[in-house]
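Subject: Structure for your review

Dear colleague,

I am passing on the structure below, together with an account of what was found in it. Please read the account with the coordinates open beside you.

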Amino acid sequence: MTDALLQVDDLRVTFAVGGREVRAVDGVSFTVDPGRTLAIIGESGSGKTVCCRAILGLLPTGTAIGGSARLRGAELLGLSDAELRRYRGSDIAMVFQDPARSLNPTMRVGLQITEAIRTHRKVDRREAHTQAIELLRLVRMPAAERRFDEYPHQLSGGMRQRVMIAIALACRPKLLVADEATTALDVTTQAQIMELLLDLQTELDMALILISHDMGLAASYSDEVLVMYAGKIVEQAPATRLFGAEGAVRMRYTRALLDAIPHLERPAHAELPVVGGRPPDPTTRLPGCSFAPRCASAADDCLAKAPALLEHAPGHRWACWHPCENGVAS
Amino acid sequence: MAAPFPNATLATPVPPPLPSLINARRLRAQRLGRALRLWVPVGILALILGMCFLLPLVVTLPSSTAGNILYNNEPPFSPGHLLGTDVQGVDFFSMLVYGGQVAFEIGVAVTVIGIVIGGTIGVIGGFATGWLDAVLGRVLDILLAFPALVLALVIAEGLGPSEIHVIYALSFFGIPFVGRFARGATVTIRGLPYITAARLSGTRRWRIIVRHVLPNIMPSIVTISLLGIGITIILEGALDFLGYGIQQPEASWGNMIALGQQVLTAQPEYVLIPSIALLVTVASLNMLGDALRERWGTQ
């Protein structure tokens, strides 16, 4: 195994909301290897975005962050904005969910790319311009020279996201975090953007963290999948192991999520299985497994004591007292 | 019997036209309304500004400070005096023109000071958060908490009557007025993803403010500034009226109203004319601000 690019250990994020503590991320550890793709899956509020924002230092001041996140051995947590500037853009970059609001509406898109280039490299205007056009070509932007002088409102959602990716890639980061980067786009564009990200990943040899609630996306594009629930990792496995023919899903929450995906083979108008109930209130801490209240096969021990996230098989970690046998819910 | 269509449909040779969702006439009326809301105040303001600043350059107007006592209290439309003369025989139209110059000079100067100082404080405070924002925000709050006119009165009284002192005095209203607004607009912009994106690509803070925040709050600031000019002109009029601003023999709309007030029953036009000038100017500024707000979609 190569040296990890990003190593996150026991990350904890606590917000103080109205005098109460909200544990958004509760002891999350994972590593990202160079050039690999990690998908972080979870429903709204499971802590996946907060987790990545904490690593990038984007959480509001006054948020309690614990644990460590090391980028090639250098600690990122607790750094000031000025110190983080060294890593942002050049080592880690991020693409957001909403391409409509991620670009400054009053600036030509080309200038927004050159700004990102010139922040990190001492190049003159002309050179930055050339590099920006190259970046636009790299992200397969049609008519790159013409688009350089256009404003964000003149571009489609997919094109805006391409510009965002061009900005993120301006300084060839080693790690790109795509936070629901394709959620706001329609399915065809989504596939194009995902293909583009994967192409660029191999071209530039960067690691990718895909944050998503879309199991299908994770299955098609990632090497490794990490499932989060209520601020904790509940299962982590290589994508082939989770979604492959043998289907080795263990954790019952992952199983329930997979079951909720509609299949063509199912009879028409059959009711979709859903994960009943709602995620637990993040201000209260359950003594047992946080999924137990919604779990069909929860037993007394599930409510009494939380299962630890342990590596039960090589590369496959899960936290469950009564895991599914052979990936099938019993 | 199951007919494929209801009989009524089959019997009607030409189906009745569908009601159009877009009423062309109403659309035209809306467009016209939108254009009028912008261009009417622009036209009125252009007229007033032209009258105040260009007319004296083109035509030689009678003096606005001294007059011939022999021709005092002339009614409007008398020869040589379009709007008549006052008790001292000073040409009323000239006074109105020079009073208008003073009003606009003070209105614009105070607002520019407000934008430069208040805007800087507001944007820095709104962007900084933490203790700096708290301190700057409270300073603006305290300034805004004073009744603007009373504060200006005290300062103008302390400094003595003159145009520049009125500007200083009213700036204590103009700075927090624009500042509070700039802070609010900055806070809104700061939360948007493109600011986070700029931070994420390692852009320096001042550069984020100059390139990403300022251009995006500018429409709101321009809109509020027009409103600010209007309020300033009213406050200036009030200061003059109370005798703490521009004083006789220099003309201003405020002291014209004050003088006219003494002969209100005999010659109501002495109060009416400068009052109408003030009303039309301020109303046009407000209307222009509203029209721009409507076009730019700012709050």
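Predicted model: local features only at pLDDT ≥ 70, side-chain atom pairs only at ≥ 80, totals over all residues.

The sheets of chain A

Chain A contains an open sheet of eight strands, whose order is E6-E7-E8-E3-E9-E10-E12-E11 and whose pairing is mixed. The edges of this sheet are taken by strand E6 (92-95) and strand E11 (310-313) of chain A, each of which has a single partner strand, so that one side of each is left without a neighbour in the sheet. From one strand to the next, the twist averages 25°. Helix H6 (residues 157-169) of chain A packs on this sheet, where it touches E6 and E7 of chain A, and the direction of the helix makes about 170° with that of E6(A).

Strand E1 (residues 6-17) of chain A and strand E4 (residues 64-71) of chain A pair in the antiparallel sense over seven bridges; in E4(A), Leu71(A) is the bridge partner of Leu6(A), while Arg70(A) is the bridge partner of Gln7(A). Arg70(A) also stands opposite Glu75(A) in E5(A), where two bridges join E4(A) to strand E5 (residues 74-75) of chain A, and these strands run antiparallel. The hairpin that E4(A) and E5(A) form has two residues between the strands, and Arg72(A) in its turn has a positive phi of about 45°.

The domains of chain A

The domain assignment divides chain A into domain 1 (32-51 + 81-91 + 175-318) and domain 2 (100-172). The centres of domain 1 of chain A and domain 2 of chain A, taken over C-alpha atoms, are separated by 30 Å, and twelve residues of domain 1 of chain A are in contact with 15 residues of domain 2 of chain A. On the domain 1 side of this contact, helix H7 (residues 187-204) of chain A gives the largest share, six residues. The residues on that side of domain 1 of chain A divide into eight nonpolar, four polar and no charged.

Chain B and its contact with chain A

Between the two chains, 15 residues of chain B are in contact with 24 residues of chain A. Helix H7 (193-200) and helix H8 (205-241) of chain B each supply at least two residues to the side of chain B that touches chain A, and the largest share of that side, five residues, comes from H7(B). By residue class, the side of chain B that touches chain A divides into six nonpolar, eight polar and one charged.

H8(B) also packs with helix H9 (residues 253-262) of chain B, at an angle of about 45° and with their axes 7 Å apart; H8(B) and H9(B) are therefore oblique to each other. The crossing of H8(B) and H9(B) is right-handed. From H8(B), the contact is made by Glu236(B), Gly237(B), Ala238(B), Leu239(B), Asp240(B) and Phe241(B), and from H9(B) by Trp253(B), Gly254(B), Asn255(B), Ile257(B) and Ala258(B). The residues of this contact of H8(B) with H9(B) divide into six nonpolar, three polar and two charged.

With best regards

Notes
Residues numbered from 1 in each chain as written. Chains lettered and ligands numbered in written order. Contact = placed C-beta atoms within 7 Å. Helix = DSSP H or I, 4+ residues; strand = E, 2+ residues; numbered from the N terminus. Nonpolar A, V, L, I, M, F, W, Y, C, P; charged D, E, K, R; others polar. Domains from an automatic or database assignment. Axes fitted to C-alpha atoms, helices over the stretch in contact; angles between N-to-C directions. Parallel < 35°, antiparallel > 145°, perpendicular 65-115°, else oblique. Left-handed = near helix turned anticlockwise from the far one by under 90°. Pairing = 2+ DSSP bridges.
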